[in-house]
Amino acid sequence: MAQYAMLLYYPRDRYWDTPEDAEFSAVYYALKAEAARAGVLRGGEALQPAVTATTITVADGPGGDIQLTDGPYAEAKEVLGGFFLFEFADLDEAVGWAARMPAAWRGKVEIRPLAPQRPLAPQRPPAADEP
Amino acid sequence: MTPDELLAQTVRVEGRRVLATLVRTFGDLELAQDAVQEAAISALRTWPRDGTPADPRAWLTVAARRKAYDALRRESARPAKEAAAGPPEPVPDHATEVIEMVEPDSVVRDDMLRLVFTCCHPALSREAQVALALRTLAGLEVAAIARAFLVPEATMAKRLVRARQKIARAHIPYRVPSDAELPGRLPSVLGVVYLIATEAHAPTGGEAVANADLELEAVGLARLLTELMPAEAEVLSLLALLLFTAARRPARTDGAGEPVLLADQDRRRWDGAAVAEGAARLGEAVRLSGGAAGPYQLQAHLAACHSTARTWADTDWDRIIGLYDLLLARSASPVVALNRAVAVTERDGPAAGLAALDGIDGLGRSHLWHAARGDALGALGRADEAAGELAVAAELAPTEPERRLLARRLRAMNPESG
């Protein structure tokens, strides 16, 4: 088994207030519920639009000057709009789930295996939810 | 083959099967590859002295397994890694080894097939797939792969390490795709072998007209795929295509090592055995596909048209144009359209050919397009324009032998300018 982050990118900032956003939200909600039932979900949220982001850097190492910038770090073409954490048997299973996320056809989904030194407590769903 | 070459060949062919089995049992390509490499080195050292064992694969399997267990023990003996590696793996006793030795061929075939799909997994870059296929499936040394692709050995070694790390860390599975997934996954596998063959046929750098060693590897990989997937028409078609192409290699250069165009090749120098095998494989592919020809089958038919024509003039251009039309119907490719236009020149004359060439967009940077225009213009008696096109083509030619060939044609056409 391996843990994966899925980073959902869109071509524009998402405010989650258009009809398309509402449609996407419903798909994500259903996917999340299905993943929880399947016992593969470890977390996942949508993000406020990138205009609300604050980027911070500390100059000259720990304790140095804190510099704040309004907005996301880089002028990227794609905007990060949300993320999931999953636990799957392998990459093929991850690809199968990623392909069902609206970001995959509206933007893109980046699948990243988690580094092993950062264990996330596995949160198994309640026994009653298991098939 | 000398006894030494035969020995090296045996170790390489059996070594890749042993590797596939070790990947299954240990689930770690890096570990398995290192273990098989060490076992192969011992084999090459001890077999000439003690004689080749009765069952070379069993010998290599036992040796490689021991090396792998040794490596795991060394790994777990390191304090920092102790927790991660868990308790040391038990060393296999003699009974286990004997069972391992008599592993049936069908199991080994499944192991190889799993490895094929892992090495050609679409989540890996094409560069990584090619490197892995040559290292893992063909058993080629890193130095030889680096030479074939004109990169430093350290670069190729790093590329292979990164690819194996991605397989391990992203958990790319060792698994044969289901029947439902296969149509989506097979093109990636065939594409890797095709790309190796293309590079062998026209090396992108250096002086050589063809890379004969790499061409043999490509044919060998295609042959391996037909052994692993004997009922896949496109796999057989790819092998047929590569055999037809490889058959021409002896005639592709003249006495001075300069390239010779297909139209001018001495067809008696083609490898008749390879052409015959290609025709047989293509026949099987046709039978299996039941009339629904895939892209490799269409290309194999095209190659077969040339391979069975007695001369360039005898070529069945009607059939060739029909096959290009079928390929174009599958996907509109300017390069396929270019080849079709060349056939139109042969069948309908240079005016029709030139019109077809001028109807293709997006080939302004292609030396082949300019050369074909030059040929058509020359045949129409428009010598100045023809010379201009050949000069542009020579400038754009991606390889040195092609550039020299075009320059030679330009001189032949326009002797006083030479």
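Reader: Does A:Asp60 count as buried or exposed?
Author: The model is a predicted one, and within it A:Asp60 lies in the loop between strand S3 (54–58) and strand S4 (66–70) of chain A. Because A:Asp60 has 7 C-beta neighbours inside 10 Å, its class is exposed.

Reader: What is the phi of A:Asp60?
Author: Most residues other than glycine have a negative phi. A:Asp60 is a residue other than glycine, yet its phi is positive. The value is near 60 degrees.

Reader: Which pattern does chain A follow along its sequence?
Author: Chain A has three helices and six strands. Read along the sequence, these elements give the pattern β-α-β-β-β-β-α-α-β.

Reader: What share of the contacts in chain A between residues at least 6 apart in sequence join residues at least 24 apart?
Author: Chain A has 131 residues, of which 18% count as buried. For its contacts between residues at least 6 apart in sequence, the share that joins residues at least 24 apart is 74%.

Reader: How many contacts does the stretch of residues 124–131 of chain A have beyond near neighbours in sequence?
Author: Chain A averages a pLDDT of 88, and 86% of its residues score at least 70. Over residues 124–131 of chain A, however, the pLDDT is below 50. Beyond near neighbours in sequence, the number of contacts of this stretch in the model is six.

Reader: With which residues is A:Glu45 in contact, leaving aside its neighbours within four places in sequence?
Author: A:Glu45 is placed in strand S2 (residues 41–46) of chain A. It counts as exposed because it has 10 C-beta neighbours inside 10 Å. Its C-alpha atom is separated by 9.4 Å from that of A:Tyr28, 17 residues apart along the chain. Once neighbours within four places in sequence are set aside, the contacts of A:Glu45 are A:Gly82 and A:Phe83.

Reader: How many residues of the side of chain A that touches chain B are charged?
Author: The contact takes five residues from chain A and six residues from chain B. On the side of chain A, three residues are nonpolar and no residue is polar. The number of charged residues on that side is two.

Reader: What share of the residues in chain B is buried?
Author: The secondary structure of chain B comes to 20 helices and zero strands. Along the principal axes, its C-alpha atoms fill a box of roughly 80 × 45 × 40 Å. Of the 418 residues in chain B, the buried share is 39%.

Reader: Are helices H19(B) and H20(B) roughly parallel or roughly antiparallel?
Author: The axes of H19 (residues 383–396) and H20 (residues 400–413) of chain B come within 8 Å and cross at roughly 160 degrees. Angles over 145 degrees count as roughly antiparallel. The arrangement of H19(B) and H20(B) is therefore roughly antiparallel.

Reader: How many nonpolar residues does the contact of H19(B) with H20(B) have?
Author: H19(B) passes H20(B) in a left-handed crossing. Residues of H19(B), including B:Ala383, B:Ala387 and B:Leu390, meet residues of H20(B), among them B:Arg403, B:Leu406 and B:Met413. By class, this contact of H19(B) with H20(B) has no polar and two charged residues, while the number of nonpolar residues is 11.

Reader: How many polar residues does the contact of H13(B) with H14(B) have?
Author: Helices H13 (residues 272–289) and H14 (residues 295–308) of chain B pack at an angle of about 145 degrees, with their axes 11 Å apart. H13(B) passes H14(B) in a left-handed crossing. The residues that meet include B:Gly278 and B:Ser289 in H13(B) and B:Gln297 and B:Ser307 in H14(B). The contact of H13(B) with H14(B) has six nonpolar and no charged residues, and the number of polar residues is four.

Reader: What is the phi of B:Leu150?
Author: B:Leu150 is found in the loop between helix H8 (142–148) and helix H9 (153–169) of chain B. It counts as exposed because it has 12 C-beta neighbours inside 10 Å. Although B:Leu150 is not a glycine, its phi is positive, at about 50 degrees.

Key. Residues are numbered from 1 along each chain as its sequence is written. Chains are lettered from A and ligands numbered from 1 in the order in which they are written. This is a predicted model: local features need pLDDT of at least 70, side-chain atom pairs count only at pLDDT 80 or more; totals for chains, interfaces and linings use all residues. pLDDT is the predictor's confidence in each residue, from 0 to 100. Two residues are in contact if their C-beta atoms, placed from the backbone, lie within 7 Å. Axes are lines fitted to C-alpha atoms, for helices over the stretch in contact, and angles run from 0 to 180 degrees between N-to-C directions. Helices (H or I, at least four residues) and strands (E, at least two) are DSSP runs, numbered from the N terminus. Angles under 35 degrees count as roughly parallel, over 145 as roughly antiparallel, 65 to 115 as roughly perpendicular and the rest as oblique. A crossing is left-handed if the near helix is turned anticlockwise from the far one by less than a right angle, and right-handed if clockwise. Ala, Val, Leu, Ile, Met, Phe, Trp, Tyr, Cys and Pro count as nonpolar, Asp, Glu, Lys and Arg as charged, and the others, Gly among them, as polar. A residue is buried if 20 or more other C-beta atoms lie within 10 Å of its own, exposed if 12 or fewer, and partly exposed in between; C-beta atoms are placed from the backbone.
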